[in-house]
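Let's go through this model together, asking at each step what a given label rests on. Have the structure open and follow along.

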Amino acid sequence: MKNENNIETKINQALNSIEGIESAEVKPYFYTRLQAKMENQMAPSYGKFSILANLKLSLAMLAVFFVFNLTSIVFLSGSQNTDSTATSALDEFSEEYFSNPNVYDYLNDY
Amino acid sequence: MSEDQLILALKEGSESAFRDLVETHQNRVYNTCLGLLQNESDAEETAQDVFIEVHRSIGAFRGDSKLSTWLYRIATTKSLELIRKNKRQKRFAFLQSLAGSDEKSDSLKQAHFVHPGIEMEQKENAEALFQAIAQLPETQKVAFTLHKIEGLAYQQISEIMETSVSSVESLMFRSKKNLQKTLKSYYEKNFRD
């Protein structure tokens, strides 16, 4: 019973503790700090992810990336065609001079 | 300068009008943020954000309410946003600690706050009360803080919260009941004898 009364008293004391509370005040030079923060927010950002915010630059970089990729694909497929042409020329040469040994058989007749 | 003239000057981008607004309202904005956030550096940052928001959106202010009402509304909204963000971070830190991360977070510890405007002999009681206020639901916390810490009338609180006076009365009644319940369990644990 005594404990209950003590607790009730404590609760009331806590609830009444903010009666007559004084308003908290900002530290000196609040306006100067506010101005600095505003200027900082308005200045261009060079942060880690600032490139993501610059959409124009990102799109330009993406376009360059695609152009490089396309150039690489075109170049590689062109190079494969050249290889096959070169191979077929070599085959013709080989066929012309080496694949039909009977042509020169008459030389062995002597 | 009347309030209408001040608003007009602010809309025209007058720096002296903005300075005037900040210097007139900085303490009430800071005191509101401090009452809700219970952290001096968070309250300072949020108070700055309130004035930055005012500077940014004064053009959209129609003047349907008083400038001070609008400032209180931004201050409570921004403070509640920060409270939610801090809670999310605490939950994440808690999950990290469960996952066995080595990184210990100080944010898990409940910092004990005493408002600087409390009388010296009331500090111990006020500390328990502020811990209980921190546990109130958002709307009750806002109503209680604006009335008891900022000293606003129910009518003005109803304008800030965009609700009726009877709703504010109800919020105040429920907040007091909740505070009594929280304080009872706190004192039963800490002062048994």
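Q: How many residues of chain B are in contact with chain A, and how many of chain A with chain B?

A: This is a predicted model, and in it 33 residues of chain B are in contact with 23 residues of chain A. A pair counts as a contact when the C-beta atoms lie within 7 Å. The side of chain B that touches chain A draws at least two residues from each of α2, α3 (40-57), α5 (123-134), α6 (138-149) and α8 (165-190) of chain B. Among these, α2(B) gives the most, with eight residues.

Q: What makes up the side of chain B that touches chain A, by class?

A: That side has 16 nonpolar, 10 polar and seven charged residues. If you are colouring by class, keep in mind that Gly is counted as polar here.

Q: Which domains does the assignment give for chain B, and how many Å apart are their C-alpha centres?

A: The domain assignment gives domain 1 (1-108) and domain 2 (112-193) of chain B. The C-alpha centres of the two lie 20 Å apart. Each domain puts 14 residues into the contact between them. On the domain 1 side, α2 (15-37) and α4 (67-98) of chain B each supply at least two residues, and α2(B) gives the most, with six. By class, that side of domain 1 has four nonpolar, eight polar and two charged residues.

Q: Why is Leu146(B) called buried?

A: The label needs 20 or more other C-beta atoms within 10 Å. Leu146(B) has 25 within that distance, so Leu146(B) is buried. Leu146(B) lies in helix α6 of chain B. Leaving aside residues up to four places away in sequence, Leu146(B) touches Thr32(B), Leu152(B), Ile157(B) and Ile160(B).

Q: How far is Leu146(B) from Lys66(B), in sequence and in space?

A: The two are 80 residues apart in sequence and 16 Å apart in space, C-alpha to C-alpha.

Q: Which other residues of α6(B) are buried, and what do the buried residues pack against?

A: Besides Leu146(B), the buried residues of α6(B) are Gln140(B), Lys141(B), Val142(B), Ala143(B), Phe144(B), Thr145(B) and Ile149(B). The buried residues of this helix pack against α2, α4, α5, α7 (154-160) and α8 of chain B.

Q: How do you know what span to expect of α6(B), and what span does the helix reach?

A: The expected span is 1.5 Å times one less than the number of residues. With 12 residues, α6(B) is expected to span 16 Å, and the helix reaches 15 Å from its first C-alpha to its last, which is close to that value. Just after α6(B), Gly151(B) takes a positive phi of about 75 degrees.

Q: What makes up the secondary structure of chain B?

A: Chain B has eight helices and zero strands. Along the sequence the pattern reads α-α-α-α-α-α-α-α. The C-alpha atoms fill a box of roughly 60 × 40 × 30 Å along the principal axes. Of the 193 residues in chain B, 32% are buried. Among contacts in chain B with a separation of 6 or more, 56% join residues 24 or more positions apart.

Q: Which domain features does UniProt place on chain B, and where?

A: The unreviewed UniProt entry places "domain: RNA polymerase sigma-70 region" at residues 21-88 of chain B. That stretch is 84% helix and 0% strand, with its end C-alpha atoms 33 Å apart. UniProt, again from an unreviewed entry, also gives "domain: RNA polymerase sigma factor 70 region 4 type" for residues 127-179 of chain B. Residues 127-179 of chain B are 79% helix and 0% strand, and the end C-alpha atoms lie 13 Å apart.

Q: What is the mean pLDDT of chain A, and which elements of chain A have the lowest and the highest?

A: Chain A has a mean pLDDT of 78, and 66% of its residues reach 70 or more. Where pLDDT is low, the predicted coordinates should not be read in detail.

Q: How many helices and strands does chain A have, and what share of the chain is buried?

A: Chain A has four helices and zero strands. Of its 110 residues, 9% count as buried.

How values were computed:
Residues are numbered from 1 along each chain as its sequence is written. Chains are lettered from A and ligands numbered from 1 in the order in which they are written. This is a predicted model: local features need pLDDT of at least 70, side-chain atom pairs count only at pLDDT 80 or more; totals for chains, interfaces and linings use all residues. Domain bounds come from an automatic or database domain assignment. Two residues are in contact if their C-beta atoms, placed from the backbone, lie within 7 Å. UniProt positions are given in the numbering used here, feature names are shortened, and annotations may be inferred rather than shown by experiment. A residue is buried if 20 or more other C-beta atoms lie within 10 Å of its own, exposed if 12 or fewer, and partly exposed in between; C-beta atoms are placed from the backbone. pLDDT is the predictor's confidence in each residue, from 0 to 100.
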